Amino acid sequence: TAFDSNGLPDGEYYWDDDDYRPHPGAWSAWAANGGQSGLDPHDYYYPPSVHSWMVYGPFDLSGASQANLDFWYWNQSAQDSDWFFWGSSGDGDNFGGTQVSGDSDGWQQITLDLSAHLDDPSVWIAFIFESDAISDSYDGPFVDDITLNAYYGTVTRDWNYMVYLDVDNDLEAAQIANASV
C-alpha cells in the first residue's frame, strides 16, 4: 500500500512507479509520483512537505531460520532536512530501520537484516520519504529491485516484487516464488 501520511493540506503525494530513473530494467518507484497531486520526475523535483509511505506486508516468517530484504535505492535530497527511510515492523505501525539524506552518489544496494522478526507471522516493510516545508531542487529517492529472502532449513524461498500501483491505488506486485531443496 502506498499513501500520504499527512493527507491533502500540502498536496497528496505517495510512491508510484515511473520510468525516469530505473535500476536495470524499465521501472522504479519514486516517492512523489502517485496521489492526487502526483508529479512526473521527468519534469519536477519532489515538492515540500511530502510524507510518502510505501508499505509491504504482512509476510509470514514463522519457522524461518534467516531472513533479509534486498533492494536498490538512489537518493538526492536536502542534507539533514529531507529523509529517506527503510525499515521493518512486527505490527505494521511501529517501524525501526535506517534513514539517509543527501546524495547517495548513484544506486546503492542495501540488505536489511530481518533476524529480529524470525518466527513472526506478521512482518511489514516500509519505505518512507519525508521532506520539510522548504522547496528544494532535488530528485529525491527511487527504489528498485526489492527482494524478500526467507530461509527455512534447506529450503529457500525468495519473493521478488515489481513496484507499481494500479489505478485504484492498490499495490499490484508481480510475485515470483523460487524454492530450492
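Guide: Aspartate 139 counts as buried because its relative accessibility is 9%; buried means under 20% relative accessible area, exposed over 50%, and partly exposed in between, with a 1.4 Å probe and protein chains only. The model is predicted, so local features need pLDDT of at least 70 and side-chain atom pairs count only at pLDDT 80 or more, while totals for chains, interfaces and linings use all residues. Residues are numbered from 1 along each chain as its sequence is written, and side-chain values use heavy atoms, with hydrogens and water left out.

Side chains of opposite charge can pair when their charged atoms come close. Aspartate 139 forms a salt bridge with arginine 21, and their closest N and O atoms are 3.0 Å apart. The criterion is a side-chain nitrogen of Lys or Arg within 4 Å of a carboxyl oxygen of Asp or Glu, and a search of the whole structure finds one such salt bridge. Arginine 21 sits in the loop between strand 2 and strand 3, and aspartate 139 in the loop between strand 9 and strand 10, so the pair ties together parts that are 118 residues apart in sequence. Strands here are DSSP runs of E with at least two residues, numbered from the N terminus, and helices are runs of H or I with at least four.

Strand 2 and strand 3 are antiparallel and share four bridges, with tyrosine 14 opposite glycine 34 in strand 3. Strand 3 is joined to strand 10 by two bridges, again antiparallel; tryptophan 30 has phenylalanine 142 in strand 10 as its bridge partner. Seven of the seven residues of strand 3 are buried, so this strand is largely enclosed by the rest of the structure.

The largest nonpolar core has 38 residues, and Trp15, Leu69, Phe71, Phe84, Trp86 and Phe127 touch the most other members. A nonpolar core is a set of buried Ala, Val, Leu, Ile, Met, Phe, Trp, Tyr and Cys residues joined through side-chain atoms within 4.5 Å. Elements giving two or more residues to it include strand 2 (14-18), strand 3 (28-34), strand 9 (123-130) and strand 10 (140-152). Strand 10 gives the most, with six residues. A second, separate core of six residues includes Trp53, Phe95, Ala126 and Ile128.

For the whole protein, the count is zero helices and 12 strands. Buried residues make up 45% of the 181 residues. Of the contacts (heavy atoms within 4.5 Å) with a separation of 6 or more, 69% are between residues 24 or more positions apart.

Notes
Two strands pair if DSSP finds at least two bridges between them.
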